[in-house]
Amino acid sequence: MNLRLDSFEAYQEAYQKSANDPSEFWNGIASQFQWMKPHHQTQSGSLEGGDVQWFVGGQVNITENALDRHLAERGNQTAIVWEPNDPDHPIQSISYQTLYERVCEMGAALRASGVQKGDRVILYMPMTPELAISVLACARIGAIHSVIFAGFSAQALADRIQDAGASVVITANEGRRGVKTIPLKSTVDHALASCSTVRLVLVQRVTAADCVMESNRDVWLNEFEQRGKGLPCPPEPMDAEDPLFILYTSGSTGKPKGVVHTHGGYMVYTAYSFANVFQYEPGDVYWCTADIGWITGHSYIVYGPLLNGATTVMFEGIPTHPGPDRFWAICAKHRVNQFYTAPTAIRALMAHGEDPVRAHNLSSLKVLGTVGEPINEEAWHWYRDVVGQQKCPIVDTWWQTETGGIMLSGLGALSPQKPAHAGLPLPGIDPVLLSADGTELTGADQEGLLCIRSPWPSIIRTTYGDHERCLNTYFRPFPGFYFTGDGARRDANGLIRVIGRVDDVINVSGHRFGTAEIESAINQATVALESAVVGYDHPIKGQAIHAFVISDRSLDEVEMEAARKDVLAAVERGIGKIAKPERIQFVPGLPKTRSGKIMRRILRKIASGEFDQFGDTSTLLDPSVVDAIKTQAQSTWFVPS
């Protein structure tokens with residue numbers, strides 16, 4: 001199978017074909033996969049109706065295309081290289097044949113335990129091969145997997161288990177990140193105190209630490225896998241539109257959204273986008289540093305690479321352990337050809353200078369990618385010049401959990417590049433800029449709301465259990481378009497620069513958090529009566545969280561420090577450490593309109609230190625609150641040096 005375009009002219013031709021006859025274009029891509037039953041309709045429904053379907057009537061199983069299809073030609077080729085947290089621990093190189101066998105054993109054991117097609121399985125695991133194996137095993141038997149990032153709190157985990165109605169949880173006794181160990185099983189136990197649907201918990205032993213095991217519910221993962229040895233595990237025939245996974249993402253309301261993707265469309269688009277964005281060639285070694293708990297890990301550690309028969313690196317650790325050269329040491333050790341990471345990581349490693357990079361032979365690198373947020377120009381140049389030695393193109397990819405795969409990006413070295421610009425759309429993707437009233441902005445150097453005009457195969461199908469929410473969030477704001485929630489600018493050559501969120505979502509280190517979700521957690525703190533959070537520019541994280549909190553009493557200096565700890569602990573309990581505010585400001589009130597709406601634009605200006613740009617405040621119930629908040633912020637974070 002060769003999905004890869006090999007020139008910019010081929011890209012232009014493919015893009016034109018996808019625009020002129022999308023059905024014929026996507027049929028051509030889909031025909032390169034193994035289908036159990038061919039589809040009778042390429043695409044149905046519309047963006048306006050929010051009821052898009054792809055490859056209607058077709059049957060397929062994504063794991064047959066990611067595993068079985070490769071065995072004859074590359075059964076002995078390495079599928080997954082696992083790089084452990086501790087560089088002194090042994091790496092694992094898992095061949096396609098071994099991966100196939102372990103996935104089948106795990107899938108057979110799950111089937112034998114009563115897990116059926118359509119059942120939901122939660123994975124709350126560290127970045128070990130067993131996570132990838134469990135994901136694929138679920139997909140093979142038609143169970144719907146939902147991976148929860150193993151940094152979320154027990155409450156956040158419980159919310160997601162309850163929303164999915166999951167019957168099985170797969171976890172580990174502990175996780176390892178740098179010098180820290182993460183108590184995963186105890187977090188699961190705490191979460192399950194309020195989750196009645198879970199009947200089976202599988203526990204991988206990652207460290208030597210003991211954990212509580214309930215005899216009628218908990219099973220060690222290695223023992224469980226043995227139950228599948230020798231049992232057949234044929235791939236479950238799945239309708240193209242059957243759900244493959246649920247992945248929870250933060251929205252502008254407090255409740256996380258369970259984004260649903262399907263076997264057929266997701267398979268076709270992730271495979272196609274991987275092959276083209278990274279210009280993957282047989283024999284290459286590809287590494288994405290993300291966690292499988294996020295969409296990037298789903299699409300570009302597991303499914304996209306394996307569908308292309310690639311060798312994909314999976315990393316358990318963090319970029320600075322045991323030293324700031326860890327990424328570059330791994331690239332050199334495994335002769336990595338394509339490297340994909342977040343701007344946050346690049347900025348953090350820039351702070352350590354060039355020596356950690358220069359200490360390693362990075363001559364194997366061919367393509368460098370970024371994901372999670374727009375990359376700033378300084379980081380773009382450092383990445384290209386220092387890491388890529390001025391010979392590697394930068395693919396600054398823009399996409400979302402909801403899009404399933406990369407939408408805007410260069411295609412390796414084929415496409416024009418411009419610092420801090422995602423660039424051109426992939427074939428089949430039709431981005432437009434709209435004004436707030438829905439008018440299309442067609443000229444050069446226009447800035448507006450980024451929307452997509454035409455459906456693509458891996459578009460979100462629904463938010464699990466709440467299709468109205470899906471319609472209201474993505475399809476109803478601008479009928480006939482998919483609304484991304486991002487603002488963007490298009491230059492004279494059609495290259496698109498994504499500016500950032502225009503809704504109440506904060507992007508911290510490439511991870512999206514809804515303001516309402518964080519505020520709900522803060523408000524559980526003993527000291528908090530009410531709160532509002534906004535994002536502000538941060539030199540490493542891209543955005544950080546500034547929390548404005550109304551306390552239940554006046555606070556002196558000592559009490560204020562205790563109150564801050566109270567708020568941080570509440571966020572850690574409610575969501576996890578990853579959502580902790582960088583700044584906490586206790587305020588006498590919040591800038592509200594007479595109807596009670598918090599005027600967040602003012603809070604964003606204060607958090608950014610733009611104290612002379614508040615605009616009209618006449619609609620506020622109490623304009624004096626703004627001066628009080630501003631004075632506090634000026635004296636705390638914006639004192640002139």
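1. Basis of the values. Because this is a predicted model, local features need pLDDT of at least 70 and side-chain atom pairs count only at pLDDT 80 or more, while totals for chains, interfaces and linings use all residues. Residues are numbered from 1 along each chain as its sequence is written, and side-chain values use heavy atoms, with hydrogens and water left out.

2. Overall dimensions. For 641 residues a compact globule would have a radius of gyration near 26 Å, and the 24 Å of the protein agrees with that; the radius is taken over C-alpha atoms, and the globule rule is 2.2 Å times the number of residues to the power 0.38. The C-alpha trace spans about 75 × 65 × 55 Å along its principal axes. Of the 641 residues, 60% are buried, where buried means under 20% relative accessible area, exposed means over 50%, and partly exposed lies in between (1.4 Å probe, protein chains only).

3. Secondary structure and contacts. The protein has 20 helices and 30 strands; these are DSSP runs numbered from the N terminus, with helices being H or I of at least four residues and strands being E of at least two. Among contacts between residues at least 6 apart in sequence, 71% join residues at least 24 apart, a contact being heavy atoms within 4.5 Å.

4. The sheet with β28, β29 and β30. These 3 strands form an open sheet in the order β28-β29-β30, and the pairing is mixed; two strands pair if DSSP finds at least two bridges between them. The edge strands, each pairing on one side only, are β28 (528–538) and β30 (583–586), and the twist averages 20° from one strand to the next. Axes here are lines fitted to C-alpha atoms, for helices over the stretch in contact, and angles run from 0 to 180 degrees between N-to-C directions.

5. Strand β29 and its neighbours. β28 and β29 form a hairpin with 3 residues between them, and β28 pairs with β29 (residues 542–551) in the antiparallel sense over 10 bridges. The bridge partners in β29 include Ser-551 for Ala-528 and His-546 for Val-534. Towards β30, by contrast, β29 pairs in the parallel sense over 4 bridges, and Phe-548 has Gln-585 of β30 as its bridge partner. Strand β29 is mostly covered, with 9 of its 10 residues buried, and helix α20 (residues 624–637) lies across β29 and β30, running at about 135° to β30.

6. The sheet from β21 to β25. A sheet of 4 strands is also open, with the order β21-β22-β24-β25 and antiparallel pairing. Its edge strands are β21 (431–434) and β25 (496–501), each of which pairs on one side only, and its twist averages 45° from one strand to the next. Strand β24 (residues 482–490) is joined to β25 by 5 bridges, the two running antiparallel, and Arg-490 has Ile-496 in β25 as its bridge partner.

7. The α1 and α2 pair. Two packed helices are described by the angle between their axes and the distance between the axes. Helix α1 (residues 8–20) packs against helix α2 (residues 22–30) at an angle of about 120°, with the axes 5 Å apart. That angle makes α1 oblique to α2, since angles under 35 degrees count as roughly parallel, over 145 as roughly antiparallel, 65 to 115 as roughly perpendicular and the rest as oblique. The contact is made by Ala-14, Lys-17, Ser-18, Ala-19 and Asn-20 of α1 together with Pro-22, Glu-24 and Phe-25 of α2. These residues divide into 4 nonpolar, 2 polar and 2 charged, with Ala, Val, Leu, Ile, Met, Phe, Trp, Tyr, Cys and Pro counted as nonpolar, Asp, Glu, Lys and Arg as charged, and the others, Gly among them, as polar.

8. Residue Asn-85. Asn-85 sits in the loop between β4 (78–83) and β5 (92–95), and its relative accessible area of 4% is the reason why it counts as buried. Leaving aside residues up to four places away in sequence, Asn-85 touches Arg-176, Arg-177, Gly-178, Glu-316, Gly-317, Ile-318, His-321 and Arg-326.

9. Residue Ser-186. Ser-186 belongs to helix α8 (residues 184–192) and, at 43% relative accessibility, counts as partly exposed. Its C-alpha atom is separated by 7.8 Å from that of Asn-173, which is 13 residues apart from Ser-186 along the chain.
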